[in-house]
Amino acid sequence: MTDYLNKPLVASLRRFFMGPIYPIVVCLTVLFGHTFALEFYLNIINVLLAVVMLLVCDSLRPFIVVVVSYLYQISVAHSPSSPTSSDFLLTPPGVYVTAALFVLAGAALVFFFIRNRLITLDSLKSLPMRYAFFALSFAFVMNGAFSDAWNFSSLGYGLLNIVGFFGIFYIFYLGLRRESAVPLVKYIAYVSMLIAAVLVIEVLLLYAFGGVFVGGTVVKDKILFGWGNWNSMGQNLVVLIPVLFYGAMKNRYPWVYFAAATLTTGAAILTLSRNALIFAVLSYVAGALISCFFGDNKRAFRVIVPAGAAVVLEGVVLFWGKISTVLADFINRGFSDNGRFDLYNQGFAEFLEAPVFGKGFFGITTETFNFVEFLPQMMHSTPVQLLASMGVVGFAAYAFYRYKTVKLVLVRPSVEKTMLALSALVLVLQSLLDNFIFYVQPMIYYSIALAVCVKLSEPPPSELAE
């Protein structure tokens, strides 16, 4: 059945997909699709390429860039939510073609695992975090159980969260089994730099042509990208920063990755998300300090970091007038809670009404924040959300899951694991003030980072039997 893999053409295709050019091709199709509203057509090319990749490769390494960047191709013109509420992607032929592509890609992914014999009884028995998987999955399925507010939408959203927390994690944990961990982290840093370039350009294009300036200042409500708003863009930028610093620490061209980390941090600040501002700065500072003491370029960073800090400080002083105009929203909002304290109080009240399994994700109603119809109202805090939606059972299951993730990160410490863990930690901390951890898309990069952390925790893998 797999005799075709020995053909010269297939071998050439495999080298292309496993090499450095394929991620560039994917990122260009995503960027062009978003910029010129051609995502429907370029997505066909992107998915078909991914299908061919799954048919010829023995690792999911090339698949990383596809799944991480996939959502970024949705343009403002065709956004199903703000600001255009377009139905272009939600009506025929959009739905039929997209569904067919997903089925085709899903079938190719199943074939990939079967062909490479990556799912065996032994591999399933040795899966990491099995008990955490069962505990948290049970809590997600039971969210809102026995509450008058329970409905099938809550069950569906619980199942979706199982995909976010475990489905993506296990797919890449098994699909990357043949990879050596350290080169894999270097590859992820390279892909992260390309993805950061896509997101930074999207931010700059919005500032240049998106009409975000009104009366000489930036209006936060106009920072909309088609696939997300200021908060989602900020979050997707921030999680890349630690791994970009790893690239700077280990690459022969540290300036390229350092510049990427700097531009990514700047773009995160330009989203005007206070969450992104806090964690972008913290991630950048942490990455810069770690780079001064670890990695192959620490001596260079001991010069670069102080010099860079001096340049930034001088620039802030000299151009504070223009900077304060652009960042006026930060200054005006200050440390206001933006309605979060009201949400937290309501969340605790909901918890007291259904303390065991909560009221379910769709059992909570609030007028404080407005979301698109297919997403539930959220509490903007992981602990409060767990208690309100999943009760004590959900809170305890998540605490056990978090204990297991911290434990695996602490085994066999390394600079690779540290930077990946920092990326995952950023998402966890950001979700104390927002909803990211309960959305599948932000969990993709987190799950891949966690899967590679597990590989780094394990002894060096022996060659798998063919």
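Modeller: Let us begin with a group of charged side chains: Glu-350, Glu-353 and Lys-359 are linked in a network of salt bridges, where a salt bridge is a side-chain nitrogen of Lys or Arg within 4 Å of a carboxyl oxygen of Asp or Glu. This is a predicted model, in which local features need pLDDT of at least 70 and side-chain atom pairs count only at pLDDT 80 or more, while totals for chains, interfaces and linings use all residues. Residues are numbered from 1 along each chain as its sequence is written, and side-chain values use heavy atoms, with hydrogens and water left out.

Colleague: How far apart are the closest N and O atoms where Lys-359 forms a salt bridge with Glu-350, and where Glu-353 forms one with Lys-359?

Modeller: In general, side chains of opposite charge can pair when their charged atoms come close. Here the closest N and O atoms are 2.8 Å apart for Lys-359 and Glu-350, and 3.0 Å apart for Glu-353 and Lys-359.

Colleague: Why does Lys-359 count as buried, and why does Glu-353 count as exposed?

Modeller: The classes rest on relative accessible area, with buried meaning under 20%, exposed over 50% and partly exposed in between, for a 1.4 Å probe and protein chains only. Lys-359 is buried because its relative accessible area is 13%, whereas Glu-353 is exposed because its value is 57%. Glu-350 is buried, as is Lys-359.

Colleague: How many salt bridges does a search of the whole structure find?

Modeller: The search finds four. One of them joins Asp-434 to Arg-340, with the closest N and O atoms 3.8 Å apart. This pair links distant parts of the chain, 94 residues apart, with Asp-434 in the loop between helix 19 (415-430) and helix 20 (440-457) and Arg-340 in helix 17 (residues 340-353); helices are DSSP runs (H or I, at least four residues), numbered from the N terminus. Both Asp-434 and Arg-340 are buried.

Colleague: Which residues is Ser-75 in contact with, leaving aside its neighbours within four places in sequence?

Modeller: Contact means heavy atoms within 4.5 Å. By that criterion, Ser-75 is in contact with Gly-33, His-34, Ala-37, Glu-39, Phe-225 and Gly-226. Ser-75 lies in the loop between helix 4 (63-69) and helix 5 (94-115), and counts as buried because its relative accessible area is 2%.

Methods:
Helix = DSSP H or I, 4+ residues; strand = E, 2+ residues; numbered from the N terminus.
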